[in-house]
Amino acid sequence: MLASRWRATGATTGYVMPGHAGEPTPSEWKTATSGRGRRFRRRAAPAADPTMPTDIRFNDLGTCLAVVPAYNERDTVGNVVAELRRETPQLDVLVIDDGSTDATAELAEDAGAQVLRMPFNVGIGGAVQAGFKYAAEHGYDYMVQVDGDGQHDPHEISKLFAAAQGSNRVDMICGSRFATETGYIAPISRRTGIHLFAFLLSRLLRQPVTDPTSGFRLYNRRAILLFARDYPHDYPEVEAVLMLHHNRLTMTEVSVRMLPRGGGASSISSGKSFYYMVKVLLALFVGLGRRRAVPEPGEAAPVAAEHGI
Amino acid sequence: MDPRLQIVAIAGAVGLLLVVLDMVRRRALMERYALLWLLSSVVILGLAIWEDALNTLARQVGIVSAPNALFFVAVGFILLLLLHFSAAVSRLTDQSKVLAQHQAMLELQVRDMQRAQAADEDDAALESLLRSGARYER
């Protein structure tokens with residue numbers, strides 16, 4: 001039953017960066033390790049195996065963790081966890097309670113998830129990064145990020161996995177609301193920002209990016225390790241795409257259907273949309289000038305006691 | 001420069017210098033944060049005492065009245081200090097985030113271990129209960 005669903009969802013919109021379609025040649029290796037701002041060393045990925053069956057299942061891809069960041073989501077988090085466990089029992093579910101003041105953590109635990117309780121609200125970036133750290137520490141091969149507000153349909157996770165299985169070299173697979181017509185219409189204030197970021201990132205990455213603010217994403221081990229070391233703070237999704245690109249990792253998008261929010265309030269109210277847009281634009285342009293996103297082992301710590309001024 | 005203004009400026013700079021040194025002595029201010037304060041109070045003190053330097057500076061920058069040059073330098077230092085604090089706050093924010101993540105992961109680990117331990121104890125209690133029950137039957 002699962003297998004038929006895999007086959008039905010073959011089409012992905014993105015493509016692997018030119019010059020990185022196959023194994024890195026020695027010269028590519030050199031640029032990958034010494035190029036400006038591109039220090040994340042690529043682990044040699046296995047070449048695509050033509051004998052690999054097309055109807056692969058979750059378990060064949062390795063262990064996978066579903067990370068659900070939740071901040072005061074008591075109305076929905078129980079359902080999200082229950083549905084994840086019903087639809088994708090192969091995944092371990094980790095809810096990250098980002099300092100909720102309601103019963104989010106207890107409800108998630110009752111629904112059968114592991115719960116990481118942040119001692120105070122660290123923001124979506126810090127919460128999701130805690131998930132990356134957990135996945136890195138516990139050796140998960142894949143991590144899928146699902147919002148705690150019920151917006152993301154666990155049915156659609158199989159589509160993300162289908163894309164992961166289609167190409168060994170894609171490090172992040174994003175569920176996109178706009179890759180094809182899915183009937184989703186965002187409020188105008190938010191739409192402007194999303195399309196602006198989509199336009200900029202498409203130019204920067206030289207590949208189509210239609211929904212850079214989507215938090216419905218599947219990461220492989222390489223991406224998990226990168227983001228466990230460094231992940232943006234406030235509104236991380238857009239910046240994360242650029243970071244991934246700077247570190248010579250690849251991404252692709254898969255069209256997914258998203259549900260209306262089950263309850264609670266979005267982390268981005270319409271009044272904050274403008275602030276959000278300006279902040280992310282600043283992060284994007286400053287990020288372009290950053291020599292490297294992540295320090296290599298032996299370099300100065302990213303957060304050190306000494307400082308410049 | 002009016003001598004009254006000069007006296008006020010010197011007194012202010014000396015006062016600032018003494019307060020900063022005393023705070024460092026009482027460990028109320030860490031040396032790494034005190035350096036910029038010391039530098040700014042020393043420079044302002046120097047310019048207030050040595051009027052020629054202040055006049056030269058004012059001429060070079062194109063400021064008509066010399067006291068304004070003193071304010072100009074003081075404002076420059078204030079901006080520098082504020083930037084310094086923003087950098088410090090950013091660093092602290094990042095550090096507290098890392099700590100929070102680490103603490104949350106440790107807490108989850110402790111809870112898991114406690115749960116496993118409680119389960120073990122339950123098993124052991126049940127086993128001993130069954131054993132004692134068997135003894136009664138005999």
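Chain A exposes about 13,700 Å². Carbon and sulfur atoms supply 55% of that area. The model is a predicted one. Chain A has 309 residues, and 52% of them count as buried. Its secondary structure comprises eleven helices and seven strands. Contacts between residues at least 6 apart in sequence were also examined in chain A; 78% of these join residues at least 24 apart.

The strands come together in one arrangement. Seven strands of chain A form an open sheet, in the order 3-2-1-4-6-5-7. The pairing within this sheet is mixed. Strand 3 (114–117) and strand 7 of chain A stand at the edges. Each of these two has a single partner strand, so one side of each is left without a neighbour in the sheet. Direction ignored, neighbouring strands of the sheet are turned by 20° against each other on average.

Strand 5 of chain A spans residues 172–176 and is mostly covered. Five of its five residues are buried. Both faces of the strand are covered. On one side lie M172(A), C174(A) and S176(A), all buried.

Strand 6 of chain A covers residues 217–220 and runs antiparallel to strand 5. Three bridges join the two. Within strand 6 of chain A, L218(A) stands opposite I173(A). Strand 7 of chain A, residues 251–255, pairs with strand 5 in the parallel sense. Five bridges connect this pair. M251(A) of strand 7 is the bridge partner of M172(A). Further along, G175(A) stands opposite V254(A) in strand 7 of chain A.

Helices lie across the sheet strands. Helix 4 of chain A (residues 77–87) lies across strand 1 (64–70) and strand 2 (92–97). Helix 4 runs at about 165° to strand 2 of chain A. Helix 6 of chain A (residues 123–137) lies across strand 1, strand 2, strand 3, strand 4 (142–145) and strand 6. Its angle to strand 1 of chain A is about 160°.

A82(A) belongs to helix 4 of chain A. A82(A) has a relative accessible area of 30%, so this residue is partly exposed. A82(A) and V209(A) are 127 residues apart along the chain. Their C-alpha atoms are separated by 31 Å.

One helix pair was examined in detail. Two packed helices are described by the angle between their axes and the distance between the axes. Helix 8 (residues 188–205) and helix 10 (residues 236–246) of chain A pack at an angle of about 0°. Their axes are 11 Å apart. Helix 8 of chain A is therefore roughly parallel to helix 10 of chain A. From helix 8 of chain A, the contact involves F197(A), L201(A), L204(A) and L205(A). Helix 10 of chain A contributes V238(A), V241(A), L242(A) and H245(A). Seven of the residues in this contact are nonpolar, one is polar and none is charged.

How values were computed: Residues are numbered from 1 along each chain as its sequence is written. Chains are lettered from A and ligands numbered from 1 in the order in which they are written. This is a predicted model: local features need pLDDT of at least 70, side-chain atom pairs count only at pLDDT 80 or more; totals for chains, interfaces and linings use all residues. Side-chain values use heavy atoms; hydrogens and water are left out. Buried means under 20% relative accessible area, exposed over 50%, partly exposed in between (1.4 Å probe, protein chains only). Helices (H or I, at least four residues) and strands (E, at least two) are DSSP runs, numbered from the N terminus. Two strands pair if DSSP finds at least two bridges between them. Contact means heavy atoms within 4.5 Å. Accessible areas come from the Shrake-Rupley method with a 1.4 Å probe; for residues, only the protein chains shown count as cover. Axes are lines fitted to C-alpha atoms, for helices over the stretch in contact, and angles run from 0 to 180 degrees between N-to-C directions. Angles under 35 degrees count as roughly parallel, over 145 as roughly antiparallel, 65 to 115 as roughly perpendicular and the rest as oblique. Ala, Val, Leu, Ile, Met, Phe, Trp, Tyr, Cys and Pro count as nonpolar, Asp, Glu, Lys and Arg as charged, and the others, Gly among them, as polar.
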